[in-house]
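Thank you all for making time this morning.

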Amino acid sequence: MSLSVLGTGRRMPALEITNDDMASVVETSDEWISARTGIRGRRFITNEDLTALAAGAGRLALEDAGLDASEIDLIICSTIQGDYITPSLANLVQRDLGASCPAFDINAACCGFLYGLDAAHAYIGAGKAARVLLISAEHMSKFLDWTDRSTCVLFGDGAAAAVLGGGSGLRYITVDSNGQTESLRIPAHKPGIPFARSGGEEREKSVVYMNGQSVFKFAVSTCTDGIRRALDTLKLTAGDIAHYILHQANGRIIDAVRRALDLPEEKFPTNIRRTANMSSVTIPCLLDELNRAGRLKRGERLVLSAFGAGLTAGTCVLEWQKEAVSYG
Ligand code: UT7
């Protein structure tokens with residue numbers, strides 16, 4: 001394994017929306033949302049665009065790593081969809097940062113950051129890149145059905161990034177896929193064409209559809225099993241890990257995994273209260289929050305674990321090798 005985190009950054013949209021604000025759009029309440037999910041607020045993109053947020057997060061991660069964009073060999077963006085279907089979000093971020101390296105997007109839904117880490121590791125390990133900028137950026141609000149209270153209250157928008165380079169920080173990583181659309185999907189927009197016969201099948205709207213309970217069960221079992229497998233492989237105990245940074249989809253999922261592993265709450269940092277579920281952004285955002293708060297100590301082991309549409313899953317064990325920086 002040959003990868004370490006050199007720097008992190010995040011940028012959130014300006015508009016903050018509380019659960020009470022959501023209750024003015026759908027029949028819901030702060031009491032229901034916070035009790036069932038742990039979410040109290042989220043940010044939504046209004047006047048910004050996703051490219052600017054992604055580039056902003058990337059710039060902060062570069063500053064944190066003490067690097068210039070010209071020193072980056074590859075930009076990977078994980079996103080369900082950027083501002084354009086083509087060019088990719090990574091292409092536009094490359095332009096905005098003034099970098100001159102290859103750039104591409106990956107879509108692995110909420111597991112995008114872990115899939116991105118895996119891809120960056122392969123590039124660095126093969127000697128094709130020395131430094132990779134990995135940015136997760138999601139505009140979930142454009143896929144929300146504002147009449148479906150069971151999904152629209154769950155998500156938020158944002159961007160977060162990590163600069164990755166060689167080193168021995170990455171100790172273990174697996175990513176999995178099990179293709180199905182029943183539990184969680186956002187159908188692509190399918191416009192009619194002039195040659196289509198009339199009376200075609202009814203088209204689903206391009207919004208989030210989710211069977212919450214089935215995803216909940218998948219999330220708890222896949223995260224718990226994935227973490228146990230990682231620890232067994234590395235011959236570590238659950239207590240050897242300083243922080244479990246899980247995908248922030250529901251506080252109750254995080255708590256169920258924590259209880260299954262019989263670990264104390266302080267090992268499971270969360271930010272879902274403020275950010276809601278930002279898909280692939282949740283893990284790098286939490287990583288940046290911990291980094292900038294000085295809560296990650298050199299030599300500590302972290303577990304990152306995610307699940308999402310696909311269905312996808314991923315788990316990694318990372319040793320934090322970055323020197324502590326004072327962020328003033
Ligand atoms: O990152 C992508 C992966 N996504 C996830 O991981 C989400 C996983 N699933 C979940 O987090 C939970 O299943 C939800 C938060 C989506 C739902 O929580 P739940 O405890 O599974 O609730 P439920 O779907 O069983 O619904 C319970 C009740 C229903 O009413 P009845 O049938 O009991 O009368 C719903 O209609 O809650 C109702 N309900 C709401 N009530 C107020 C559903 N959404 C809302 C709402 N406000 N926003």
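What you see is a predicted model, in which local features need pLDDT of at least 70 and side-chain atom pairs count only at pLDDT 80 or more, while totals for chains, interfaces and linings use all residues. Residues are numbered from 1 along each chain as its sequence is written, and side-chain values use heavy atoms, with hydrogens and water left out.

Let me start with the domains. The assignment, whose bounds come from an automatic or database domain assignment, gives domain 1 as 2-168 and domain 2 as 173-180 + 206-319. Their C-alpha centres lie 16 Å apart, and 44 residues of domain 1 are in contact with 42 residues of domain 2, where contact means heavy atoms within 4.5 Å.

On a 1 Å grid over the protein atoms alone, a cavity is a set of points where a 1.4 Å probe fits but cannot get out, whereas a pocket is an open set with protein on both sides within 12 Å along at least five of seven lines, and lining residues have an atom within 4 Å of a point. Grid points are joined across faces, edges and corners, and a volume is the space filled by probe spheres set on the points.

Where does the largest pocket lie? Both domain 1 and domain 2 give residues to its lining, so the largest pocket lies between them. Its volume is about 1000 Å³, and of the 45 residues that line it, the closest to its centre are L154, F155, L184, V208 and M210. Helices and strands here are DSSP runs, numbered from the N terminus, with helices being H or I of at least four residues and strands being E of at least two. Among the elements that each supply at least two lining residues are α2, α8 and β12 (301-308), but α7 gives the most, with four residues. The lining divides into 21 nonpolar, 19 polar and five charged residues, where Ala, Val, Leu, Ile, Met, Phe, Trp, Tyr, Cys and Pro count as nonpolar, Asp, Glu, Lys and Arg as charged, and the others, Gly among them, as polar.

The second largest pocket, of about 220 Å³, has 14 lining residues, and those closest to its centre are E16, R42, R43, R274 and T275. Its lining divides into three nonpolar, three polar and eight charged residues. Both domains contribute here too, so this pocket also lies between them.

Turning to helix α2 (residues 30-37), we find D30, I33 and T37 buried, buried meaning under 20% relative accessible area, exposed over 50% and partly exposed in between, with a 1.4 Å probe and protein chains only. Seen down the axis of α2, these buried residues fall within an arc of 85°, so they line one face of the helix; the arc is that of the directions from the helix axis to the C-beta atoms. The face turned away from the buried side carries the exposed residues E31 and A35. What covers the buried residues of α2 includes α1 (19-22), β3 (41-44), α8 (251-260) and α9 (272-275).

In helix α4 (residues 89-97), L89, A90, L92, V93, Q94 and L97 are buried, and they pack against α3 (50-65), β4 (74-78), β5 (103-106) and β6 (131-138). Just after α4, G98 takes a positive phi of about 75°.

Finally, the backbone. Most residues other than glycine have a negative phi, and most peptide bonds are trans. A cis peptide bond joins T86 and P87, with omega about 5°, and P87 lies in the loop between β4 and α4. Another cis bond joins G310 and L311, with omega about -5°.

Is A109 buried or exposed? A109, which has a positive phi of about 50° although it is not a glycine, is buried, with a relative accessible area of 10%. D262 likewise has a positive phi, of about 60°, but at 68% relative accessibility D262 counts as exposed.
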